[in-house]
Amino acid sequence: MNTETEPRVARAAESPELKIVPRRHIGRWVGAGAVVLLLVWLGVSFSRAQIDWPTVQQYLTVPVLIQGIGVAIVLTIVAMVIGLVLGVVSAIMRLSKNPVTSGVAWLYIWVFRGTPVYLQLLMWFNLALIFPYIGIPGIFQGRMIDILTPFVAASIGLGLNQGAYTSEVVRSGILSVDEGQTEAAQAVGMTRLQAMRRIVLPQAMRVIIPPVGNEVIGMLKTTSLASAIGVSEILSEAQHIYYVNNRIMELLIVCAVWYLGAVSLLSIGQYYLERFFAKGSSSKQLPPTPFQRLLGIFGTNRKAFS
Amino acid sequence: MSPVAASTTPTGTALVRAENVHKSFGPNEVLKGINLEVNAGEVVCLLGASGSGKSTFLRCINHLETVSNGRIWVGGNVVGYRQVGNSLHELSDKEAARQRQHIGMVFQRFNLFPHMTVLENIIEGPVLVKKERATEAKRHASELLARVGLAGRENSYPRQLSGGQQQRVAIARALAMKPELILFDEPTSALDPELVGEVLDVMKDLARSGLTMIVVTHEIGFAKEVADRVAFMHNGQIVEIGPPAEVLGNPQHERTKAFLSRVL
């Protein structure tokens, strides 16, 4: 027992036989029991449901579906890169003192956040209707329909939409960094841009990453909308299959498994990214990663991972 | 730095010269005509109650604030402007940054870069701005750390240090740019009382080494011991200036007397 004053020390020494009885968490036991019962019931009903599990297993590794999740992941990455670049640029533009620059950024966010992604995708896909040809006169010219393939249209559409959202996330990150950091950077002779790049943005990343991680996951799922303009991602491929064999739930379960797998991978990536930008954020050492803990358990205390 | 025409060069050998400096934030006039000359190697302490404009004036000297009226010269150059013939051209961001390289600044709240180690904090300016070689900058940084009594703390992060240690790192960071002038903006005001001494000791050492320093402070003892001159500010003006023995020992102005009777 922790004793901080003299009299207590004396009293504790007089009665060493006092026993500590831990608090009983009755509510927790009841709650856990209810949850377990519910899970068992769910499990039983799914095992009795008319799901043809062998079909699920069979289609889990079908090449078109794997290709489909691949397309979804690639589309996510391309759209997120476009979205991040646009987001950072438009966030900095919105914080600019120049009214034209900040006004343009505001307009961009207003338009692309204010209309449905689905609508934007359809517009990009049909852009050839109003601009049949694209190019810089004398240097390069092409037919819009050749350049704006479904995948390109989907990348641009999703990316531009994402940029409008990411912009606000990045702006909140920049605003969360103390003004004194910019001043200190300027005091050692940095320009505003150098201060932004070396001092402000790296610190803003801590605030930016969790919501952007959220948006990456959101984007992975939004890519399913791209099927509307003819991109062959996993969900549209699955639909093509079940229109033929009528195994609707089985194929949707396969899609869910693949989506969950991809999201899990992304979450691991986010975990390590957050760790990287947490440098110096605490006076204590960062806790070991699950991977490091695993290595610790198996006794291979390899310094390379610490 | 660019040469300046003789007609506007400040007279004498003053490193810093402020002439009729005014500064307003909206309708609120914070500085109402400051005149001050600081010679190379001199230590000047600015005293005064909160809101008297000390910090604002200090921030004008390295162009963190733009003066509304009047002019400040540092090392013969007009702060924030480039002289071409008879006209003053406002500096671009890049040019202003170049001008600030020669003026160090130490902040009340340290403002160390928390995502960088102590060493990275110190070499960031020299390497990024002055394009010094990293090995050379690191060697110099370690020397400076030893000078402020923090040898061996190169790889700590700022949050792992006490306030006094952080402020000493901030001083080392300012010194790493080899400035001709360092501005101190209430460097000990955010520190626990028992940590004030270690920072003041470092500053005393710098003063003895002949560095030009302008120090906004509430530490009367430090001003008395170290300053060549003490300036007392009230309501946006310097009301009394002179050697510490005179201003602190035998104040003439009512405001100075009232202020000293409160803090001593």
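**The contact between the chains**

Modeller: B:Arg59 and A:Glu183 join their side chains in a salt bridge, 2.7 Å from N to O, the term requiring a side-chain nitrogen of Lys or Arg within 4 Å of a carboxyl oxygen of Asp or Glu. The model is predicted, so local features need pLDDT of at least 70 and side-chain atom pairs pLDDT 80 or more, whereas totals for chains, interfaces and linings use all residues. Residues are numbered from 1 along each chain as its sequence is written, chains are lettered from A and ligands numbered from 1 in the order written, and side-chain values use heavy atoms, without hydrogens or water.

The rule finds two salt bridges across the interface of chain B and chain A. It also gives seven residue pairs in polar contact there, both residues being at pLDDT 80 or more. A polar contact is a pair of N or O atoms within 3.5 Å; within protein, one atom must be able to donate a hydrogen and the other to accept it, and residues adjacent in sequence count only if both atoms are side-chain atoms. On the chain B side, the elements giving two or more residues are helix 2 (93-100), strand 8 (103-106) and helix 3 (118-129); helices (H or I, at least four residues) and strands (E, at least two) are DSSP runs, numbered from the N terminus. That side of chain B divides into 13 nonpolar, six polar and seven charged residues. Here Ala, Val, Leu, Ile, Met, Phe, Trp, Tyr, Cys and Pro count as nonpolar, Asp, Glu, Lys and Arg as charged, and the others, Gly among them, as polar.

In total, 26 residues of chain B and 25 residues of chain A take part, contact meaning heavy atoms within 4.5 Å. About 2,200 Å² is buried between the chains, with carbon and sulfur atoms giving 57%; this is the accessible area (1.4 Å probe) that two parts lose on being put together, summed over both.

A:Glu183 belongs to the buried residues of helix 9 of chain A, which also include A:Gly180, A:Gln181 and A:Thr182. Eight of the nine residues of this helix (179-187) are buried, that is, under 20% relative accessible area with a 1.4 Å probe and protein chains only; over 50% is exposed, and partly exposed lies in between. These buried residues pack against helix 10 (192-222) of chain A, and against helix 1 (54-61), helix 2, strand 8 and helix 5 (163-176) of chain B. After helix 9 of chain A comes A:Gly189, with a positive phi near 95°.

The largest nonpolar core has 49 residues, and B:Ile122 and B:Phe184 are among the members that touch the most others; such a core is a set of buried Ala, Val, Leu, Ile, Met, Phe, Trp, Tyr and Cys residues joined through side-chain atoms within 4.5 Å. Helix 6 (residues 193-208) of chain B supplies the largest share, eight residues. Beyond its neighbours within four places in sequence, B:Phe184 is in contact with residues including B:Leu58 and B:Val106. A separate core of 41 residues has A:Val188 and B:Leu58 among its members.

Over all chains the salt bridges number 19. One of them joins B:Glu42 and B:Arg229 at 2.7 Å, N to O. B:Glu42 sits in the loop between strand 2 (28-39) and strand 3 (43-48) of chain B and B:Arg229 in strand 11 (residues 229-234), 187 residues apart. B:Glu42 is buried, at 10% relative accessibility.
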